[in-house]
Amino acid sequence: MTIDEALQEATFTLVGVCENPARVAKILLMHHLNVNIEWVFLNLKKELEKKSEYFDLISRFKSYEPLEYITGVSSFYGLEFNTRKGVLIPRPETEILVDKSLEILKKFKKSKVCEIGAGSGIISICLALKTDAIITATDINEKALQLAYENAVKFGVADRIEFVCCSYMDSVLGEFDMIVSNPPYIKNSYNLDKFVLNEPKEALFGGDIGDEILKNIILIAKKRKIKFIACEMGYDQKASLSDTLNLSGYEAKFYQDLAGFDRGFVARLKL
Ligand SMILES: C[S@@+](CC[C@H](N)C(=O)[O-])C[C@H]1O[C@@H](n2cnc3c(N)ncnc32)[C@H](O)[C@@H]1O
């Protein structure tokens with residue numbers, strides 16, 4: 001079977017599984033052969049090596065295993081982060097949270113930042129790459145912290161981020177200038193897409209309403225007198241979080257994602 005024939009068969013197999021089966025077939029072929037797209041187009045008539053291994057990858061995707069878990073990488077903020085099952089796959093909208101956090105951090109020198117819910121480490125690592133902040137990143141998921149550390153080593157910032165396995169900032173002592181978080185914020189009863197079902201539940205579901213973890217983060221920030229909070233949130237959580245922020249003494253600005261949905265906020269403790 002040639003590469004061209006394999007791509008056609010794989011594409012046909014994936015019809016109905018995703019929106020762009022031809023693209024997925026090509027990405028998995030590039031991953032299988034460890035080549036780029038130019039190589040694929042120049043070698044379409046070549047015999048495909050280890051054909052059954054390629055079709056194993058196609059079967060994994062057909063069983064709704066996300067592409068990023070199969071290839072082991074995902075793009076975020078122009079960088080390629082290691083990714084694996086058991087840890088949330090980075091989402092493009094979280095790049096906005098990084099930008100909003102950077103806007104706050106540029107006013108500080110050697111700021112102290114705590115990220116709650118580090119996952120694969122994308123937020124803390126981007127902040128460490130762009131600022132001189134001293135960062136503590138927590139997560140309840142040991143697998144996530146291991147991956148986040150691996151990614152921090154990959155980008156040369158492992159000495160700038162302390163990784164702590166705990167809930168919220170329970171085991172983290174000291175004063176902080178900012179909390180940043182993209183916490184789980186989906187309501188427990190929400191029916192997830194079949195691919196998303198393969199991601200860890202504790203990274204997605206925020207409670208019966210969905211905003212419970214976000215509210216706890218605001219209360220922790222208030223208790224610890226942390227001046228800035230930057231968080232991602234669900235599109236329908238602006239009103240309830242606005243109330244909690246107000247009552248806790250924070251002045252908030254909400255932001256939207258590229259689709260125009262409310263997606264997060266930055267808040268400043270009023271004097
Ligand atoms: C939506 S994911 C975000 C991961 C990563 N920051 C990102 O933006 O891709 C939320 C993360 O919060 C972690 N988490 C859930 N509850 C937590 C808690 N109480 N304390 C700390 N981390 C928590 C999950 O394990 C998960 O890694």
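Helix α2 is followed by N34, a residue with a positive phi near 55°. Helices here are DSSP runs of H or I with at least four residues, strands are runs of E with at least two, and both are numbered from the N terminus. The model is a predicted one, in which local features need pLDDT of at least 70, side-chain atom pairs count only at pLDDT 80 or more, and totals for chains, interfaces and linings use all residues. Residues are numbered from 1 along each chain as its sequence is written.

Helix α2 itself takes in residues 21-33, 13 residues in all, and its first and last C-alpha atoms lie 18 Å apart, close to the expected 18 Å (1.5 Å times one less than the number of residues). Its buried residues are V24, A25, L28, L29 and H32, where buried means that 20 or more other C-beta atoms, placed from the backbone, lie within 10 Å of the residue's own. These residues cover an arc of only 135° around the axis, which puts them on the same side of α2; the arc is that of the directions from the helix axis to the C-beta atoms. An α-helix has 3.6 residues a turn, so residues three or four places apart point the same way. The cover over the buried residues of α2 includes α1 (3-13), α3 (37-42), α4 (51-62) and α5 (67-71), with contact meaning C-beta atoms, placed from the backbone, within 7 Å.

Notes. Buried ≥ 20, exposed ≤ 12 C-beta atoms within 10 Å, placed from the backbone. Contact = placed C-beta atoms within 7 Å.
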